[in-house]
Amino acid sequence: DGAPSGNYGYTNSGYSVYEEENERLTESLRTKVSAIKSLSIEIGTEVKNQNKMLSEMDNDFDSTGGLLGATMGRLRTLSRGSQTKLLCYMMLFSLFVFFVIYWIIKLR
C-alpha cells in the first residue's frame, strides 16, 4: 500500500532509475542510428551521382579520343605528301596567323 502505483514497488531497489537511464540511452541510440541512416542514404545518392558523372566523362573522353585519332590520321596523310605541298600549307597558315594578329592589333 505504501509504494506509489507508478513504480510497481521497485523504488527501493533502484529499478526505476536504471529503467529511466536505459530509456534515455535507448532514445540516444535511436537518434544516432537515425542520423547514420540519413547520412548513409545521402552518401548513396552522392555515389550514384558521381558514378553517373564518371560515366558521362568516360563517354566524352572516348569521343574526344576518336576525334583526336582522326586528326592524327589526317596529319599523317598530310605529312606523307610531298614536302613542297607541306611547306606551302605551312606558309599559308603562317601568313593567315600573321594577318589575324595584325588585324587584332590594328583594331585596338
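User: Which residue forms a salt bridge with arginine 30?
Analyst: In this predicted model, arginine 30 pairs with glutamate 27, and their closest N and O atoms are 2.7 Å apart.

User: How many salt bridges does the structure hold?
Analyst: The structure holds one salt bridge.

User: Where do arginine 30 and glutamate 27 lie?
Analyst: Both residues belong to helix H1, which spans residues 15–80. They are three residues apart, about one turn of the helix.

User: Changing topic: which residues make the nonpolar surface patch?
Analyst: The patch covers about 1,000 Å² and is made by Leu68, Met72, Leu75, Leu78, Tyr89, Leu92, Leu95, Phe98, Phe99 and Tyr102. The elements that give two or more residues to this patch are H1 and helix H2 (83–107).

User: Which element gives the most to that patch?
Analyst: H2 does, with six residues.

User: What about methionine 72, where is it found?
Analyst: Methionine 72 is found in helix H1. With a relative accessible area of 39%, methionine 72 is partly exposed.

User: Now to charge: which residues gather in the negative patch?
Analyst: Glu56, Asp58, Asp60 and Asp62 gather in a patch of negative charge on the surface.

User: Where is aspartate 58 found?
Analyst: Aspartate 58 is found in helix H1. Its relative accessible area is 42%, so aspartate 58 is partly exposed.

Technical notes:
Residues are numbered from 1 along each chain as its sequence is written. This is a predicted model: local features need pLDDT of at least 70, side-chain atom pairs count only at pLDDT 80 or more; totals for chains, interfaces and linings use all residues. Side-chain values use heavy atoms; hydrogens and water are left out. A salt bridge is a side-chain nitrogen of Lys or Arg within 4 Å of a carboxyl oxygen of Asp or Glu. Helices (H or I, at least four residues) and strands (E, at least two) are DSSP runs, numbered from the N terminus. Patches are made of residues with over 30% relative accessible area and no salt bridge: like charges are joined within 9 Å, nonpolar side chains (Val, Leu, Ile, Met, Phe, Trp, Tyr) within 5 Å. Accessible areas come from the Shrake-Rupley method with a 1.4 Å probe; for residues, only the protein chains shown count as cover. Buried means under 20% relative accessible area, exposed over 50%, partly exposed in between (1.4 Å probe, protein chains only). Lys and Arg count as positive and Asp and Glu as negative; His and the chain ends are not counted. The place of a charge is taken as NZ of Lys, CZ of Arg, CG of Asp or CD of Glu.
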